[in-house]
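Subject: Structure for your files, with notes

Hello,

Here is the structure I promised to pass on. Please look it over before reading my notes, which come after it.

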Amino acid sequence: KSSLRPEAELGIARTCEQKGEWLTAITNYDNWLKRFPSGSPRLRTQAEFQRAWANGRAGYETNALNLFTNFVTKFATNNALAPQAQWWVADHYYSQGDYVNAEKNYKSLFQTWPSSKLASQACIMAGRAAVNWQNYAGAIECFTNLTSNPNCPTNLWSDAMFLYGGTLMLRNS
């Protein structure tokens, strides 16, 4: 009956994750969310994110996609975890070859959380996804947004320049 019980039980689920026991971790997160429906908002946010992550790691892609999509909607103001959840969703679509939805979700990340550490990388990936479905105008927009951004990391700036040039060549071929 300790006030620290929710935190301790969340720690147990996290330990299962660290051991690669994904199904046990998922069960623990599901049970935690049922047992502590009005628990600490910080812990609840963490439990929801980790549950989605564990589902993805366990190979339950559809569950993870739904959980991460819901997480982004429900916890959009969480500037630490919401961009990571959005990245997972975008990456999922990219890996499935659904470049239209990948581009849309990467763009959502850098437009919604422009100060996120993932924003510039998401812009690059949105451009790559756009190239893959031959949306050259969309790709050029992404790449030039980065090359004109004075805060763009140097390594991504040079990547964006090369990708911009490659996109121009594809568009004009």
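Predicted model: local features only at pLDDT ≥ 70, side-chain atom pairs only at ≥ 80, totals over all residues.

Residues are numbered from 1 along each chain as its sequence is written, and side-chain values use heavy atoms, with hydrogens and water left out.

Cores

A nonpolar core here is a set of buried Ala, Val, Leu, Ile, Met, Phe, Trp, Tyr and Cys residues joined through side-chain atoms within 4.5 Å. Buried means under 20% relative accessible area, exposed over 50%, and partly exposed in between (1.4 Å probe, protein chains only). The largest nonpolar core has 34 residues, and Phe68, Trp87, Tyr106 and Phe110 have the most contacts inside it. At least two of its residues come from each of helices 3 (41-57), 4 (61-74), 5 (82-95), 6 (99-112), 7 (119-132), 8 (136-147) and 9 (154-172). Helix 7 gives the most, seven residues. Helices are DSSP runs (H or I, at least four residues), numbered from the N terminus.

Not counting residues up to four places away in sequence, Phe110 touches Ala119, Ala122, Cys123, Ala126 and Cys142; contact means heavy atoms within 4.5 Å. There is also a second, separate core of 13 residues, Ala13, Cys16, Ala47 and Ala54 among them.

Helix 9

The 19 residues of helix 9 should span 27 Å at 1.5 Å a residue, and the end C-alpha atoms are 27 Å apart, which agrees. The expected span is 1.5 Å times one less than the number of residues. Leu156, Ala160 and Thr167 are buried in helix 9. They cover an arc of only 40 degrees around the axis, so they lie on the same side of helix 9; the arc is that of the directions from the helix axis to the C-beta atoms. The buried residues of helix 9 pack against helix 7 and helix 8. Exposed Thr154, Asn155, Phe162, Met169 and Asn172 sit on the face turned away from the buried side.

Aromatic pairs

The whole structure holds nine aromatic pairs. Rings of Phe, Tyr and Trp (its six-membered ring) pair if their centres lie within 6.5 Å; planes under 30 degrees apart count as stacked, over 60 as edge-to-face and the rest as tilted. Trp87 and Tyr106 are edge-to-face because their ring centres are 5.3 Å apart and their planes at 70 degrees. Phe49, Trp53, Phe68, Phe71, Phe75 and Trp88 are linked by ring pairs into a cluster.

Regards
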